[in-house]
Amino acid sequence: MIWKVLAPAIGAVLFLATPHQAAAQTISFEEAYDRISQSCGADIRKYCAGVPLGGGAVKACLDAKQSVVSASCNATLSEVFTLIQKRMQAQASVRQICDADIARRCPGVVQHEGFVLSCMLKATRVVSAPCNQAITDAGWR
């Protein structure tokens, strides 16, 4: 009986006491490839057969055939390229966003990206939310 009363309270305390990482709102190139091949494979075979892989040729083909490509493929392409662009922007700006946290949490660390990132990942609990989000969005977690 007492567990029925205390269990929700204990669960809430454990939830609040556990550090939560921000959800990744970007994807890797590997994840992008998987999503596109799964959603657009039939469209690529139908409309872009023979188009060489790499250099954006398949994307250019799908963009050119946008009016006949399936709606799910078009939606996946839009989502995937938005997420990839966000990751690239995060990777470019993470250092600027995290500068104050780096200075405060990692003084004396050799200013090499790998050492600084390692320090920041160890300090995740005390790093600012924008810095944590930038590291997550950059795909470095």
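The model is predicted: local features need pLDDT of at least 70, side-chain atom pairs count only at pLDDT 80 or more, and totals for chains, interfaces and linings use all residues. Residues are numbered from 1 along each chain as its sequence is written, and side-chain values use heavy atoms, without hydrogens and water.

The largest nonpolar core has 14 residues, of which Ile27, Cys40, Leu62, Cys73, Leu77 and Val80 touch the most other members. A nonpolar core here is a set of buried Ala, Val, Leu, Ile, Met, Phe, Trp, Tyr and Cys residues joined through side-chain atoms within 4.5 Å. H2 (29-47), H3 (57-64) and H4 each supply at least two of its residues, and H4 gives the most, with 5 residues. Helices are DSSP runs (H or I, at least four residues), numbered from the N terminus.

Another core, of 12 residues, lies apart from that one and includes Val94 and Ile135.

H2 and H3 pack at about 85° with axes 11 Å apart, so H2 is roughly perpendicular to H3 (65 to 115 degrees). Axes are lines fitted to C-alpha atoms over the stretch in contact, and angles run from 0 to 180 degrees between N-to-C directions.

Valine 94 is in H4 (residues 71-105) and is buried (under 20% relative accessible area).

| Item | Value |
|---|---|
| Valine 94, relative accessible area | 7% |
| Valine 94 to aspartate 137, C-alpha separation | 8.9 Å |

Methods. Buried means under 20% relative accessible area, exposed over 50%, partly exposed in between (1.4 Å probe, protein chains only). Angles under 35 degrees count as roughly parallel, over 145 as roughly antiparallel, 65 to 115 as roughly perpendicular and the rest as oblique.
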